[in-house]
Each structure stands twice: as C-alpha cells, then as structure tokens.
Amino acid sequence: MNKLQEGLQQQRRLIEQLRCEAQITRMRVSQCIEDLVKYCDNWAEEDVLIKGFPKPSDNPFKEKGGCAIL
C-alpha cells in the first residue's frame, strides 16, 4: 500500500509540474534568436572572450606562477 501512495504522490507532482509548464508564455524560436543576436552585438565590445583583456595581467584566469621542478 505504501508503494501505491508513493506512486500517487509522484503522479500528483508530475501533474502539478505539467500544469505550471502549460502556463508559461512561449515565444517563437526565430524571435528568440533575433533577440539573442541583438544582445550579443550590443555587448560584444565589453566581452573579453571576443576582444580579449586589455592587459594580460587583467586576466583573472591566467596562472600566476609557472611550474617549478626541484
């Protein structure tokens, strides 16, 4: 009986999740792509992955020290 109750609870959670997802306003993929391209174009000047860092020392991901073998 416990497994039956667990199964019912799981199905209820699934139905609730599906109801929430059904209420989400959807957009056309073509519109989302246009918006994404506009966003990327607007922020391209500040994107370090596109332009790089002004000075190599500004890169927080650069290794600070080299490998030292004794």
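Visitor: Where is the place of Gly 52?
Guide: Gly 52 sits in the segment after α3 (48–51); helices here are DSSP runs of H or I with at least four residues, strands are E runs of at least two, and numbering starts at the N terminus. This is a predicted model, where local features need pLDDT of at least 70 and side-chain atom pairs count only at pLDDT 80 or more, while totals for chains, interfaces and linings use all residues. Residues are numbered from 1 along each chain as its sequence is written, and side-chain values use heavy atoms, with hydrogens and water left out.

Visitor: Why does Gly 52 count as partly exposed?
Guide: Because its relative accessibility is 29%; buried means under 20% relative accessible area, exposed over 50%, and partly exposed in between, using a 1.4 Å probe and protein chains only.

Visitor: Okay, new topic: which helix has Glu 6?
Guide: Glu 6 lies in α1, residues 2–22. Its relative accessibility is 48%, so Glu 6 counts as partly exposed. From the C-alpha atom of Glu 6 to that of Lys 51 is 54 Å, and these residues are 45 apart along the chain.

Visitor: Which residue forms a salt bridge with Lys 51?
Guide: Glu 45 does, and the closest N and O atoms are 3.6 Å apart. A salt bridge here is a side-chain nitrogen of Lys or Arg within 4 Å of a carboxyl oxygen of Asp or Glu.

Visitor: Are Lys 51 and Glu 45 buried or exposed?
Guide: Lys 51 and Glu 45 are exposed.

Visitor: Let's switch to rings. How many aromatic pairs are there?
Guide: One aromatic pair. The ring centres of Tyr 39 and Trp 43 are 6.2 Å apart and the planes are at 45 degrees, so this pair is tilted. For the rule, rings of Phe, Tyr and Trp (its six-membered ring) pair if their centres lie within 6.5 Å; planes under 30 degrees apart are stacked, over 60 edge-to-face, and the rest tilted.

Visitor: Where do Tyr 39 and Trp 43 lie?
Guide: In helix α2 (residues 29–43), four residues apart, which is about one turn of the helix. Trp 43 is partly exposed, with a relative accessible area of 43%.

Visitor: What radius of gyration does the chain have?
Guide: The protein chain has 25 Å, whereas a compact globule of 70 residues would be near 11 Å. That radius is taken over C-alpha atoms, and the globule rule is 2.2 Å times the number of residues to the power 0.38. The C-alpha trace spans about 65 × 50 × 15 Å along its principal axes.

Visitor: What share of the 70 residues counts as buried?
Guide: The share is 0%.
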